[in-house]
Amino acid sequence: MKITVVGTGYVGLVTGTCFAETGNDVTCVDIDVNKVNKLSNGQITIYEPGLEKLFERNLKEGRLHFTTSLAEGVAHGDVIFLALPTPPGEDGSADLSYILRVADDMGKIITDYKVIIDKSTVPVGTAELVHAAIAKNCSHPFDVVSNPEFLREGVAVDDFMKPDRVVIGTRSERARKVMGDLFAPFVRQGNPILFMDEKSAELTKYAANSFLATKISFMNEIAILCEKLGADVDMVRRGVGSDDRIGKRFLFPGIGYGGSCFPKDVQALVKSSEDADYDFKILNAVMDVNERQKLFLMPKISAWFNNDLKGKHFALWGLAFKPNTDDIREAPALYMIDALVAAGATVSVFDPEASSNVERLIGNKVTYATNQYDCLVNADALIIATEWSVFRTPDFDKIGSTLKNKVIFDGRNLFDVFRMEELGYHYESVGRAATN
Ligand code: NAD
């Protein structure tokens, strides 16, 4: 099939590459000239495990092309995916301007039947708006389909190649057939393709992300209660997660959710609810809890240093909003850095993939170490903000002999509390007892 993907970021590049991998002829369009040049020259622009190999293979075999020309992309694709940004607007609603501008332009250049697919996360009613924006300038037949994306950064290729489910919102028989054929290779193990109307598909994505964010905020509150009551959240988590109705996943407490999706999607669903004259109480609480949770470690750090962080130096491990990605959008680590610097401390940071993105954003506000142990030199304590595997079994002797004091504040509960006590660390984490 001839496929075009408009927007070549985390979702678009994975989508384009994975469709090329199943034999389709794919053109990716992006407005960013620099990005298109790099990709055309075989240089991948994001860190995503497993993607580079597929990208290189499909580029070499001529199934993957990149262009800045929307006209070229529209002429190429029988199906056109929109994987464009939908950042939060000032009032918290999803900003649809990227999508509607492209839809407007596409209307002027479509000359034969196209299936146009919203892959971006968009509020209920967007398929109708996109349809109207295209139809304004276009007399040729086309369908607009909602096909929300559920991939997780860090495991995006696997998620795309073997999705738990594919959600397709369309009431057009013609588009339904095209979409069914397109996704058949990805659900050979029997996972469902769920066909539904456009609005239900649009809401499914927000409901899924909001539910996952709720699970996280709920466990973060349980963790706070654990500390107050003397329970251990790890034990509680295991006890709770063993119930099949609840499940083991997404129950890990920490310093809050971040990334480009959960914060903006929860906020957008709250705004959609308000617009529909409904006060979505649970989601407002989910957002409040997450705001507080991002700085959960700060009072602990402050208290340990007698409420005076002026002149203190901290090592911070982990900048990406989660492991296995270089994405730093809404990363809790950035909030920690702001708070530490505002309190008069200095910070040295290390992340296996995300340091250059942080450097582009905040420059010399912090210093950048090239490995996790150099980061510890002259630091009064180590703070952990992201659960990269490489942080899980570190050389504790080396940490202890490099840090000024054997003190660790762990926002991701990576280590066993008793082990840390044995090793002589002052160790504080989330929802578990501190060691002395
Ligand atoms: P992104 O910012 O990484 O990528 C968007 C791309 O669109 C950028 O490369 C940008 O240059 C390009 N772009 C902007 N305007 C353009 C235009 N007029 N023409 C062509 N290209 C243009 O965003 P993302 O993370 O890939 O997210 C895209 C959408 O998918 C969002 O709605 C997001 O909520 C949703 N989503 C993201 C994820 C995720 O994990 N990142 C998962 C599921 C859904």
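This is a predicted model: local features need pLDDT of at least 70, side-chain atom pairs count only at pLDDT 80 or more; totals for chains, interfaces and linings use all residues.

Reply: Leaving aside neighbours within four places in sequence, Leu251 is in contact with Lys215, Met219, Arg237, Val240 and Gly241.

Me: Why is Leu251 called partly exposed?

Reply: A residue is buried with 20 or more other C-beta atoms within 10 Å, and exposed with 12 or fewer. Leu251 has 18 C-beta neighbours inside 10 Å, which lies in between, so Leu251 counts as partly exposed. Leu251 is located in the loop between helix H10 (233–241) and helix H11 (262–275).

Me: What makes Gly254 buried?

Reply: Gly254 has 26 other C-beta atoms within 10 Å, and the cut-off is 20 or more; therefore Gly254 is buried. Gly254 also has its place in the loop between H10 and H11. Apart from neighbours within four places in sequence, its contacts are Gly411, Arg412, Asn413 and Val430.

Me: Which residues does UniProt list for "binding site"?

Reply: The unreviewed UniProt entry lists several residues under this heading, including Phe150, Lys205, Leu251, Gly254 and Lys322. The listed residues are spread over 173 residues of sequence, and in space they are up to 23.8 Å apart between C-alpha atoms.

Me: Why is Gln293 counted as buried?

Reply: Gln293 has 24 C-beta neighbours inside 10 Å; the cut-off is 20 or more, so Gln293 counts as buried. Gln293 belongs to helix H12 (residues 281–293). With neighbours within four places in sequence left aside, Gln293 is in contact with Asn220, Ile255 and Gly256. Gln293 and Asp143 are 43 Å apart from C-alpha to C-alpha, and 150 residues apart in sequence.

Me: What makes the reach of H1 close to the expected value?

Reply: Helix H1 (residues 10–21) has 12 residues and reaches 17 Å from its first C-alpha to its last. After H1 comes Gly23, with a positive phi near 100°.

Technical notes: Residues are numbered from 1 along each chain as its sequence is written. UniProt positions are given in the numbering used here, feature names are shortened, and annotations may be inferred rather than shown by experiment. Helices (H or I, at least four residues) and strands (E, at least two) are DSSP runs, numbered from the N terminus. Two residues are in contact if their C-beta atoms, placed from the backbone, lie within 7 Å. The expected span of a helix is 1.5 Å times one less than its number of residues.
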